[in-house]
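Student: I am new to this structure and would like to go through it slowly, one question at a time. Could we begin once it is on the screen?

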Amino acid sequence: TMKLAQFFGKNQLDEMQERTMLTIESRGFWLMWWGLFAVMIFQLMMQADISQMAGEWIVFMAACLYTLEECLRNGIWDRHIKASLSTSIVGSLVGGVLSAVVMMFATHSLAVAGVTGAITVVFTFTLMQAAISEYKKRHQELENAPEETDEQK
């Protein structure tokens, strides 16, 4: 009988194929992420019951939390965006406006949309600043860690 370990045996890809596979997997992840995001926004705008969105939300948040945790653990922020106060301000404002627009469509209430947007700005700004602080701390730890040499192994 074929063992499971044989099925998932050694890597069959050369270095170029491995790099190509990582690119494909990365693009697939972002396609899934943005797709789930768009579907959830659409569902909110169509006033879907929260129980109808639970599965999408769980998968989306698991991907977000995993990516955030692994990036912070490895001292990585982003390829294109700097970890800064202005990043937190812009990111939280974009999130606030987006959530306000979605709530405006969902509830047709300017007051609810405004409060939702304001809460989102504060919450997002706080979380982004906390993540940036953690990133900078971890990045510094990794930069200052003694490099492992062949003699230390």
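Student: How many aromatic pairs does the count come to?

Tutor: The model is a predicted one, and the rings of Phe, Tyr and Trp are taken to pair if their centres lie within 6.5 Å. By this rule the number of aromatic pairs is eight.

Student: Are the rings of Trp 33 and Phe 37 stacked or edge-to-face?

Tutor: The ring centres of Trp 33 and Phe 37 are 5.6 Å apart, and their planes stand at 10 degrees. Planes under 30 degrees apart count as stacked, whereas those over 60 count as edge-to-face. The angle of 10 degrees therefore makes the pair of Trp 33 and Phe 37 stacked.

Student: What separates Trp 33 and Phe 37 along helix α2?

Tutor: Both residues belong to helix α2, where Trp 33 and Phe 37 are four residues apart. That spacing in the helix means that what separates Trp 33 and Phe 37 is about one helical turn.

Student: Does Phe 37 count as buried or partly exposed?

Tutor: Buried means under 20% relative accessible area, and partly exposed covers the range from there up to the limit for exposed, which is over 50%. Trp 33, with a relative accessible area of 15%, is buried. Phe 37 has 23% relative accessibility, so Phe 37 counts as partly exposed.

Student: Which class of aromatic pair do Trp 33 and Phe 60 form?

Tutor: The rings of Trp 33 and Phe 60 are 4.9 Å apart, centre to centre, with 35 degrees between the planes.

Student: Which element gives the largest share of the lining of the largest pocket?

Tutor: The largest pocket has a volume of about 2,500 Å³, and α2, α3, α4 and α5 are the elements that give two or more residues to its lining. Of the 50 residues that line this pocket, Trp 30, Trp 33, Phe 60, Cys 64 and Met 128 lie nearest its centre. By class, the lining has 34 nonpolar, eleven polar and five charged residues. The largest share, 14 residues, comes from α3.

Student: Which elements do the buried residues of α4 pack against?

Tutor: Helix α4, with 23 residues, reaches 32 Å from its first C-alpha to its last, close to the 33 Å expected. Its buried residues include Thr 87, Gly 96 and Ser 99. The elements that the buried residues of α4 pack against are α2 and α5.

Student: Leaving aside its neighbours within four places in sequence, which residues is Ser 99 in contact with?

Tutor: Ser 99 lies in helix α4 and is buried, with a relative accessible area of 17%. Beyond its neighbours within four places in sequence, the residues in contact with Ser 99 are Thr 116, Gly 117 and Thr 120.

Key:
Residues numbered from 1 in each chain as written. Predicted model: local features only at pLDDT ≥ 70, side-chain atom pairs only at ≥ 80, totals over all residues. Heavy atoms only, no water. Expected span 1.5 Å × (residues − 1). Buried < 20%, exposed > 50% of the residue type's maximum accessible area, 1.4 Å probe, protein only. Contact = heavy atoms within 4.5 Å. 1 Å grid on protein atoms, 1.4 Å probe; cavity = no way out; pocket = protein on both sides within 12 Å on 5 of 7 lines; lining within 4 Å. Points joined across faces, edges and corners; volume = space filled by probe spheres on them. Nonpolar A, V, L, I, M, F, W, Y, C, P; charged D, E, K, R; others polar. Phe/Tyr/Trp six-rings, centres within 6.5 Å; stacked < 30°, edge-to-face > 60°.
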